[in-house]
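Hi,

Here is the structure I promised to pass on. Have a look, and then read on for what turned up in it.

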Amino acid sequence: MLRALLTQLISRRRPDDAPPTAQLADDPLSRAKRLAEGKAHDQALALADEVLQGDPTNVEAAVLRADSLRKTGRIQEAKDAYRRALVLDPTRADAWLDLGVCHHLEADYFWARVYFRSALVLAPGNASILNESGMAELALGNLERAEVSLEAAVNSDPQHAEAWNNYGIVLARRGDRASARRSFLRATFLKHGFYTAHCNLGLVCRELELTEEAEQALRNALQLEPKGVAAMLALGLVLQDRGELDEAFHVLEAARVLAPDDADVLTALSALHLSKGDATAACGAARAALDRRPNDGDARLALAHALLSQFDFEAGWPLYEGRRDASVS
C-alpha cells in the first residue's frame, strides 16, 4: 500500500546550533540574529540587508540573509544568497549545508549531494551534515551509501532524533524491520513530539505484525497531529488487519475528507469496502484512485479484486495479472 516509509517530513535539527550564552549588543546584526531565533525571519532579513548595505563583505549578515530567505520559502533567492556568502568565506560548512538543503527541497538531489560533500570536507563528523547527505543518497537510490552516512550520523550524535528516524527508514528499505523498529523507538524517545517517527514506527510494527504496538504508535502520532492523513491511513490499515472494519472505515473516511485526492487513501477504502461486502463501492474507490494516479499498481490490484468479486473476469483478470507492480499482492 505505501511504497516507502514516511520520508516526506524530514526535520533538520542542527545539534551544533546552541543558543548564545552572552547578551548580544544592540547593533543591527545582533538584533537580526535575535529576530531569527524568534522566527521573525522577514524582519531579520530586512536588518541583514541593512547591514550588508553598509558592509557588503559581512559574512555573518550574508549567511543570515540566506537563512532568512530559505526559511520564508524563497528558495531560489536563498541559493543565490548562500553562493554570495560562500564567495566571501568558502570555509562556512553551515552555508554549504544549507545550500544543499535548498537543492534537496527542490528535489535536485545530485547537486544537494555535491554541496553536502563540500560541507563534510569542512566538518567531517557533523551529524546534521551526515544526516542530510544520507537522505540525498537515499533519494538517488544509493541505499548502501545512505546507510553508511546515517549510521555515521547516529554514531556521531546519539541524541540526533532525526538521524535515528532516517536511519530507520534505510534499515526498513533493506528489509531489516526489527532494527528499523529500534531506530524509530529511539527517535520517539529522544523527541516525544516527533510525528513522522511515530508514523514510521506504526508502519514498521504493522509489517512485523505487532498490531497493538502499531496502533498505539499511530494513535500517538494523531495526538500530535490530529489531521495527519498519513497516520490516519496507516491506522486504518492496522484496524483493518485486526478485523475492526467499522472503526477502520471511520478513520479512512476522515482521511478522505481531509485529502480527497489521495490515491493511497482511496485504494485503502476500496479494500475496506470489499472486506465489508460492498463490491460496488470498492470499484468506485479504486477507479477514483486510478483517476488520480493512473499507473498505480496498488489501485489496479484493488480494482481487480473488486471486479473479480463481481465475477467480471474479462475486466478483472488483466488487472490482476499486473499485481507484480503492486506493493502488496
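Cysteine 102 is buried, at a relative accessible area of 0% (buried means under 20% relative accessible area, exposed over 50%, partly exposed in between, with a 1.4 Å probe and protein chains only). Cysteine 199 is also buried, with 0% relative accessibility. As for disulfides (a pair of cysteine sulfur atoms within 2.5 Å), the count is zero.

Before the rest, a word on where the numbers come from. This is a predicted model, so local features need pLDDT of at least 70 and side-chain atom pairs count only at pLDDT 80 or more, while totals for chains, interfaces and linings use all residues. Residues are numbered from 1 along each chain as its sequence is written, and side-chain values use heavy atoms, with hydrogens and water left out.

Now the charged pairs. The structure has 26 salt bridges (a side-chain nitrogen of Lys or Arg within 4 Å of a carboxyl oxygen of Asp or Glu). Here are some of them.

Helices here are DSSP runs of H or I with at least four residues, strands are runs of E with at least two, and both are numbered from the N terminus. Both arginine 70 and aspartate 98 are buried.

Then there is arginine 174 with glutamate 147, a salt bridge at 2.8 Å, N to O. This pair also links distant parts of the chain, 27 residues apart: arginine 174 sits in the loop between helix H9 (161–173) and helix H10 (177–190), and glutamate 147 in helix H8 (residues 143–156). Arginine 174 is partly exposed, at 42% relative accessible area, whereas glutamate 147 is buried at 15%.

Glutamate 215 is buried, with a relative accessible area of 13%, and arginine 219 is partly exposed, at 29%. Salt bridges with shared partners join Glu215, Arg219, Arg242, Glu244 and Glu247 into one network.

Cheers
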